[in-house]
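Biologist: I am new to this structure and would like to learn how to read it. Please take me through its features one at a time.

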Amino acid sequence: FQFNRIARAEAEHDGEGLLAHARLFALLNMAMADATTAVFDAKYTYLFWRPSTAIRNADADGNSRTDPDPAWAPFLTTPPHPEYPAAHGAVQGAGARVLTWYFGPDHAFATTSPTVPGVTRQYRNAAQFAFEGAAARMLGGMHFLRALEVGALQGQRVGDWVLSHYLKPVRRR
């Protein structure tokens, strides 16, 4: 996942040692895994339809003010699971929370994506990176805005919980 690449690149010059880096990666991946579990539990609780289904079948939504567009297609491939809340938003929210905790809220960085080789993007902080990644899912037609907002909040809360409960430093006497 991209957060691991970002953490690895940024940790190379943060002046911390192996133990701090191991803790960072453990917390980062625990938060993202827990966010994934939480969001999929919610998805199968709510069973909300995706934009492609909603737009193509708008005549079945009980709202006389919406018209179907059977030919509508998203730009991005739609995953075969319920839409709400957005998993990408949750994982991004959790990952951003851990990176913000470790590097600080004003830690700027640059990163590239394996899907867009040669393009480097600059980010003010991990929260901006998470927001942009989630917004791309809406603009690509995979998600409604509300699913991304709720997913991000869910992920942030999972990230906060992981940071406050796991891998606390041990003080030797």
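Biologist: What should I know before starting?

Modeller: This is a predicted model, in which local features need pLDDT of at least 70 and side-chain atom pairs count only at pLDDT 80 or more, while totals for chains, interfaces and linings use all residues. Residues are numbered from 1 along each chain as its sequence is written, and side-chain values use heavy atoms, with hydrogens and water left out.

Biologist: Is A11 buried or exposed?

Modeller: A residue is buried under 20% relative accessible area, exposed over 50% and partly exposed in between, using a 1.4 Å probe and protein chains only. A11 has 5% relative accessibility, so A11 counts as buried. A11 sits in helix α1; helices here are DSSP runs of H or I with at least four residues, strands are runs of E with at least two, and both are numbered from the N terminus.

Biologist: Which residues is A11 in contact with, leaving aside neighbours within four places in sequence?

Modeller: Contact means heavy atoms within 4.5 Å. On that basis A11 is in contact with H21, L24 and F103. By comparison, the C-alpha atoms of A11 and R56 are separated by 46 Å, at 45 residues apart along the chain.

Biologist: How is a nonpolar core read?

Modeller: A nonpolar core is a set of buried Ala, Val, Leu, Ile, Met, Phe, Trp, Tyr and Cys residues joined through side-chain atoms within 4.5 Å. The largest one has 28 residues, and F3, L24, L28, V98, L99, F103 and F129 touch the most other members. At least two residues of this core come from each of α1 (2-11), α2 (18-46), α4, α5 and α6. The most, nine residues, come from α4. A second, separate core of six residues has Y84, A86, A134 and V150 among its members.

Biologist: Which residues does F129 touch, not counting those up to four places away in sequence?

Modeller: F129 touches Q2, F3, I6, Q92, F109, T111 and Y123.

Biologist: How do β1 and β2 run, and how many bridges join them?

Modeller: Two strands pair if DSSP finds at least two bridges between them. Here β1 and β2 run antiparallel and are joined by five bridges. They form a hairpin with two residues between them. One of the bridges pairs A110 with Q122 in β2. Strand β2 also holds P117, which is exposed, with a relative accessible area of 66%.

Biologist: What is the volume of the largest pocket, and how many residues line it?

Modeller: On a 1 Å grid over the protein atoms alone, a pocket is an open set of points where a 1.4 Å probe fits, with protein on both sides within 12 Å along at least five of seven lines; lining residues have an atom within 4 Å of a point. Points are joined across faces, edges and corners, and the volume is the space filled by probe spheres set on them. The largest pocket has a volume of about 450 Å³. Its lining has 19 residues, with Q2, S113, T115, F129 and R137 nearest the centre. Two or more lining residues come from each of α4 (87-103), β1 (109-113), β2 (116-123) and α5 (126-139). The most, five residues, come from α5.

Biologist: And the second largest pocket?

Modeller: The second largest pocket has a volume of about 280 Å³. It is lined by 17 residues, with A127, A130, F131, A152 and Q156 closest to its centre.
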